[in-house]
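The following exercises concern a single protein chain. Please inspect the sequence and the structure before reading the worked solutions.

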Amino acid sequence: VLGADTLVVLEGTILGKPADPAEAAAMLRRLRGRAHQVLTAVALVDAAGGRARVGAGHTMVHLRPYAEAELTAYVAGGDPLDKAGAYAIQHAGFSPVARLEGSETNVIGLPLGLVATLLAALERGL
């Protein structure tokens, strides 16, 4: 069984999923043109044996200084409402990221390198 959840952290403040479009817009304004951390916790459990492995991915994300009109259009489309920090790096129409330091798949929500490491450790019984 595999579970994962992602948080955005800006200057010590956790930004989860926005409750509504107004909160999404406020988050995007706070993040615009700034760097922040994306943390994704992963838990892997062998359901048959009960063994578990856990870990967390860390990525520094630098957002570009997107225009207010871009932000407004993105929020109006509804996409940010189910995203930590109110954005998706893979959104082709918005594309908010200027630069990443770390795993892209971590920011998308499932750090594949970490999952592979946890699977290998579970398989080896570590």
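**Exercise 1: Helix H4**

Task: Determine the length of helix H4 and decide which residues form its buried side.

Solution. Step 1: Helix H4 covers residues 112-124, 13 residues in total, and its first and last C-alpha atoms lie 18 Å apart, close to the 18 Å expected at 1.5 Å a residue. The expected span is 1.5 Å times one less than the number of residues. Helices here are DSSP runs of H or I with at least four residues, strands are runs of E with at least two, and both are numbered from the N terminus. The model is predicted: local features need pLDDT of at least 70, side-chain atom pairs count only at pLDDT 80 or more, and totals for chains, interfaces and linings use all residues. Residues are numbered from 1 along each chain as its sequence is written, and side-chain values use heavy atoms, with hydrogens and water left out.

Step 1: Leu114, Val115, Leu118, Ala121 and Leu122 are the buried residues of H4, where buried means under 20% relative accessible area and exposed over 50%, with partly exposed in between (1.4 Å probe, protein chains only).

Step 2: Viewed down the axis of H4, the buried residues fall within an arc of 130°, so they line one face of the helix. The arc is that of the directions from the helix axis to the C-beta atoms.

Step 3: On the face of H4 turned away from the buried side are the exposed residues Thr117, Glu123 and Arg124. The cover over the buried residues of H4 includes S1, strand S3 (35-45) and strand S4 (52-63), judged by contact (heavy atoms within 4.5 Å).

**Exercise 2: The chain as a whole**

Task: State the order of helices and strands along the protein chain and the share of its residues that is buried.

Solution. Step 1: The protein chain has four helices and five strands, arranged along the sequence as β-β-α-β-β-α-β-α-α.

Step 1: The protein chain has 126 residues, of which 35% count as buried.

Step 2: Of the contacts in the protein chain between residues at least 6 apart in sequence, 71% join residues at least 24 apart.

Step 3: Along the principal axes, the C-alpha atoms of the protein chain fill a box of roughly 50 × 30 × 25 Å.
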